[in-house]
Amino acid sequence: MTDESMGLCVLCEITIPRIAIKKNPQLTQQTVNRLKEAFWKLYETKPIEKISVRQITELAGYNHATFYLYFSSVRDVRDRIEDDLIAQRDLILKQCMHDGTLEIGQVISSLATMLMPYGHVLLGPNGDPAFIVRAEETAWPFLQPILFPSIAPHMQMPSQSEAAQQPAASPQAQ
């Protein structure tokens, strides 16, 4: 399809054919959600390598062509769910920030409620190790002003990959 025939669905923030958006945005969102839910039911019980588009679409009640209107692969579904979780977490953290302080009680309760259904899978043996790294790195802008208020706001925590590339400090000879 041409770029002109593609559009961004405001509700689900994915690029899909404009005709699907124009038909019924609520139906589009419902379809995306059902496909995500079907994927998640499968992902709770098996590694991503063992999940097929056919299994997702059969469980959700759609055909494979519908799946490919919204997702490029099985991994794309997982990635979108992870993106949604991080975006929701960031929204909760932003809402709990007041004058440079984070109201921890509210944050922990909100985050626990949101992450509970996903944590045991994403952090388990079949989870996505890249999600953990992304979640840690994207949380740093919220934690840095609280933990290290004297550090300039423009400074960022190095990613684990950057930290691994830096040479270890050698002990100085006396």
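Is Arg78 buried or exposed, and what is its relative accessible area? In this predicted model, Arg78 has a relative accessible area of 8% and is therefore buried.

**View 1. Salt bridge between Arg78 and Asp79.** The closest N and O atoms of Arg78 and Asp79 are 3.3 Å apart, and Asp79, with a relative accessible area of 28%, is partly exposed. Through salt bridges that share partners, Arg78 and Asp79 belong to one network with Glu82, Asp83, Asp128 and Arg134.

**View 2. Salt bridge between Lys36 and Asp84.** The side chains meet with an N to O distance of 2.4 Å; because Lys36 lies in helix α2 and Asp84 in helix α5 (residues 74–96), the pair ties together parts that are 48 residues apart in sequence. Lys36 counts as buried at 12% relative accessibility, whereas Asp84 counts as partly exposed at 31%.

**View 3. Salt bridge between Arg75 and Glu49.** Here the closest N and O atoms are 3.4 Å apart, and the pair ties together helix α5, which holds Arg75, and the loop between α2 and α3 (53–60), which holds Glu49. Arg75 counts as partly exposed at 40% relative accessibility, while Glu49, at 58%, counts as exposed.

**View 4. Aromatic pair of Trp40 and Tyr43, one of 6 aromatic pairs in the structure.** The ring centres of Trp40 and Tyr43 are 5.5 Å apart and their planes stand at 70°, so the pair is edge-to-face. Both residues lie in helix α2 (residues 25–43), where, being 3 residues apart, they are separated by about one helical turn.

Methods:
Residues are numbered from 1 along each chain as its sequence is written. This is a predicted model: local features need pLDDT of at least 70, side-chain atom pairs count only at pLDDT 80 or more; totals for chains, interfaces and linings use all residues. Side-chain values use heavy atoms; hydrogens and water are left out. Rings of Phe, Tyr and Trp (its six-membered ring) pair if their centres lie within 6.5 Å; planes under 30 degrees apart count as stacked, over 60 as edge-to-face and the rest as tilted. Helices (H or I, at least four residues) and strands (E, at least two) are DSSP runs, numbered from the N terminus. A salt bridge is a side-chain nitrogen of Lys or Arg within 4 Å of a carboxyl oxygen of Asp or Glu. Buried means under 20% relative accessible area, exposed over 50%, partly exposed in between (1.4 Å probe, protein chains only).
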